[in-house]
Amino acid sequence: MDINTCLATTESYRTLAYFSHVVPAAAIFVLALFTAVRMKFQYKSAIFFTFALSFSAWLLLDLTNWLTNDYFVLAATWAPLDFANIVFFLLLALFVRVDLFKKPLNGWLISTFLLIAAVPFVITAAGYSVFELYQPHCEMLGNDFLALYKFIIEMLAIVYVVGLGLLHVIREASSIKERIRTFLVSGSIFLFMGTFSFAEYYSTQTGIYEATMYSLFVLPLFILILTILITSFDTFKLGSWGTKVLFYIFLIFSGTQFFFANDVTDFLLAAMSFIVVLTLGVMLYQVSEKLQIVNTSQEALMHFIGH
């Protein structure tokens, strides 16, 4: 009798897979879509939205790998993972470049990034990103060259982000607020990239793919910092109404985690997450309101001095 090893090897992780994939995918996508629509898909918001789209696609593909019992579906969704991984790393690096230096990307940089992404695209489209199913563990055996290529690109993207951050801090030595914003931007993205890349490398070396799933729990911190940047540091100018909407959106998303709780431990984790999001969200909203009052007062003062 043929025992379906996907069911046997992933059943105990399926609740955790929902918890670690669905909520972050929905949250990052809604955050990016909301800012893009509010900013009328201007250059920077369009890049961030494209990153969110590619990363959400990776999350949904990876989630399917954990949920499916069909070997053909497993092969189809496993094959483009490395390509999607490289794409969202490149887009996130481009977002940092545009955000910190506040000018459009030049032609040679765009061409370089397109050439980098073309390599995994060709390998994946030609059907060489995965070779065969390792049935005992319900895993696809992948392309060693592509795995190494992905790791190198991830490391280069991390170095690129850190380098941009350090360069911008040096150039903006006179502005404390901008230096703090630069630290938050480059620091949060370094945390996200570094954690994700290390977990993926560990997974491919050991075959313990749940390590990547656990690394996704750093996402709430990454999303929270992005929200602070968007609402309090004018990364995207959304206004007070936009801040309120984002606050309620993430409160709802945090609350949906209770639907994935199957036991007391899951419920406690969901409750702790909800309380943290609620507390930090209230603090974020208060800071945003205070900054708006300060900005209004400064505008009034400048108007008075002008007269």
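**Close-up views of buried charges and the nonpolar core**

**View 1. Glu 154, a buried acidic residue without a salt bridge.** In this predicted model, Glu 154 is buried but forms no salt bridge, and the nearest side chain of opposite charge, that of Lys 150, is 4.9 Å away. Glu 154 belongs to helix H7, which spans residues 144-171. Beyond its neighbours within four places in sequence, Glu 154 contacts Asn 85, Phe 89, Phe 196, Ser 197 and Glu 200.

**View 2. The salt-bridge network of Asp 82, Lys 150 and Glu 200.** Asp 82 pairs with Lys 150, their closest N and O atoms being 3.1 Å apart. This pair joins helix H5 to helix H7 across 68 residues of the chain. Lys 150 also meets Glu 200 in a salt bridge of 2.8 Å, N to O. Because Glu 200 lies in helix H8 and Lys 150 in helix H7, the pair ties together parts 50 residues apart in sequence. Asp 82 and Lys 150 are both buried, and Glu 200 is buried as well.

**View 3. The salt bridge between Arg 181 and Asp 99.** The closest N and O atoms of the two side chains are 2.9 Å apart. Arg 181 in helix H8 and Asp 99 in helix H5 are separated by 82 residues. Both partners are buried, Arg 181 with a relative accessible area of 4% and Asp 99 with one of 0%.

**View 4. The largest nonpolar core, with 58 residues.** Residues with the most contacts inside this core include Ile 28, Phe 51, Trp 58 and Phe 222. Helix H5 contributes the most, with 16 residues. Phe 222 touches Ile 28, Phe 51, Leu 92, Ser 188, Ile 189 and Phe 192, leaving out residues up to four places away in sequence.

Methods: Residues are numbered from 1 along each chain as its sequence is written. This is a predicted model: local features need pLDDT of at least 70, side-chain atom pairs count only at pLDDT 80 or more; totals for chains, interfaces and linings use all residues. Side-chain values use heavy atoms; hydrogens and water are left out. Helices (H or I, at least four residues) and strands (E, at least two) are DSSP runs, numbered from the N terminus. Buried means under 20% relative accessible area, exposed over 50%, partly exposed in between (1.4 Å probe, protein chains only). Lys and Arg count as positive and Asp and Glu as negative; His and the chain ends are not counted. A salt bridge is a side-chain nitrogen of Lys or Arg within 4 Å of a carboxyl oxygen of Asp or Glu. Contact means heavy atoms within 4.5 Å. A nonpolar core is a set of buried Ala, Val, Leu, Ile, Met, Phe, Trp, Tyr and Cys residues joined through side-chain atoms within 4.5 Å.
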